[in-house]
Amino acid sequence: MSIRYLAPGEDGPFRISTTGPAVPVEAASFQVYVDAEVTDPIAEFGLSLSDAHNFLSYYGDLHLVGEVTNNGSETYNVSLIAAIYDASGNIIDAASDDLAISALAPGESLPYDFSFWGPVNYKDGLYDGADTYSIQVDAYWTWTTGTQLVTLSTSDDTHGFDEFGGTFTGKIVNDSAAYLRSLAQMR
């Protein structure tokens, strides 16, 4: 997992995970090889990110949540990438996130939730060393889209909370005049 587009002078996170022997050992050495293709510049998207907030779930998984707003004039399918840093500025983990709805229209905002981390969620104590984070638009996986969305209503809504989290149920009602597919729910 890594950032897929970089402008001159820009940097972005990556994470490579491998499996190893059943008994952990320290690597004597390793090498990271990086190749890239030269491409044309990508125009600015006009997307802005709110401040993010983090929390640990009941199961100890890290969530980094916030909101992305489309300040531009095009509709976008948006992908984001985040990194968690220790106090020395070293990246200790990275994650990517696609928005729950595949089209962010001009003037609209949608939440994001980075929850599929690697080592931070699986190595005890690693989260304790987290100091700061960064989030950026992954320009390679963000593009203009002609997808048209309709707002639907729900009925028979119920909700409940317990020590594990919240559950929301009900029926989605197609009260539009269109045939629909890819129904997306906010998470």
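**Entry: terms and model**

I take buried to mean under 20% relative accessible area, exposed over 50%, and partly exposed in between, with a 1.4 Å probe and protein chains only. The model is predicted, so I note that local features need pLDDT of at least 70 and side-chain atom pairs count only at pLDDT 80 or more, whereas totals for chains, interfaces and linings use all residues. Residues are numbered from 1 along each chain as its sequence is written, and side-chain values use heavy atoms, with hydrogens and water left out.

**Entry: overall layout**

I counted elements as DSSP runs numbered from the N terminus: helices (H or I) of at least four residues and strands (E) of at least two. The protein has one helix and eleven strands. Read from the N terminus, the order of elements is β-β-β-β-β-β-β-α-β-β-β-β. Along the principal axes, the C-alpha atoms fill a box of roughly 65 × 50 × 30 Å. Of the 187 residues, 27% count as buried.

For contacts I used heavy atoms within 4.5 Å. Among contacts with a separation of 6 or more, 64% come from residues 24 or more positions apart.

I took accessible areas from the Shrake-Rupley method with a 1.4 Å probe; for residues, only the protein chains shown count as cover. The protein exposes about 13,300 Å², and carbon and sulfur atoms supply 51% of that area.

**Entry: the sheet around E5**

Two strands pair if DSSP finds at least two bridges between them. I found an open sheet of three strands in the order E6-E5-E8, paired antiparallel. E6 and E8 (132-137) are the edge strands, each pairing on one side only. On average, and with direction ignored, neighbouring strands of this sheet are turned by 20 degrees against each other. Axes here are lines fitted to C-alpha atoms, for helices over the stretch in contact, and angles run from 0 to 180 degrees between N-to-C directions.

I then went through the two pairings. E5 (residues 79-85) runs antiparallel to E8 and is joined to E8 by six bridges. Within that pairing, Ile81 has Gln136 of E8 as its bridge partner. The E5 and E6 strands make a hairpin with five residues between them, and Gly89 in the turn has a positive phi of about 90 degrees.

**Entry: Ile3**

Is Ile3 buried or exposed? Ile3 is buried, at a relative accessible area of 11%, and sits in the segment before E1. Leaving out residues up to four places away in sequence, Ile3 touches Gly12, Pro13, Ile81, Gln136, Val137 and Asp138. Ile81 and Gln136 in that list are also the bridge partners noted above. I checked Val120 too: Ile3 and Val120 are 117 residues apart in sequence and 18 Å apart in space, C-alpha to C-alpha.

**Entry: salt bridges**

I used this rule: a side-chain nitrogen of Lys or Arg within 4 Å of a carboxyl oxygen of Asp or Glu. How many salt bridges does this rule give? The count is two.

Arg15 and Asp93 meet through their side chains in a salt bridge of 3.0 Å, N to O. Arg15 is in the segment before E1 (47-49) and Asp93 in E6 (residues 91-98), so this pair ties together parts 78 residues apart in sequence. Asp93 counts as buried at 2% relative accessibility.

Asp156 and Lys171 form a salt bridge of 3.3 Å, N to O. Asp156 lies in E10 (residues 153-162) and Lys171 in E11 (residues 165-173), so this pair ties together parts 15 residues apart in sequence. Asp156 counts as exposed at 52% relative accessibility. I also noted its backbone: Asp156 is not a glycine, yet has a positive phi of about 55 degrees.

**Entry: a surface patch**

Patches take residues with over 30% relative accessible area and no salt bridge; like charges are joined within 9 Å, and nonpolar side chains (Val, Leu, Ile, Met, Phe, Trp, Tyr) within 5 Å. Phe14, Ile16, Phe30, Val32 and Val34 make a nonpolar surface patch of about 570 Å². Ile16 is in the segment before E1 and counts as exposed at 60% relative accessibility.

**Entry: Ser115**

I looked up Ser115, in the loop between E7 (109-114) and H1 (119-122). Ser115 is buried, with a relative accessible area of 14%. Neighbours within four places in sequence aside, Ser115 is in contact with Leu62, His63 and Asn121.
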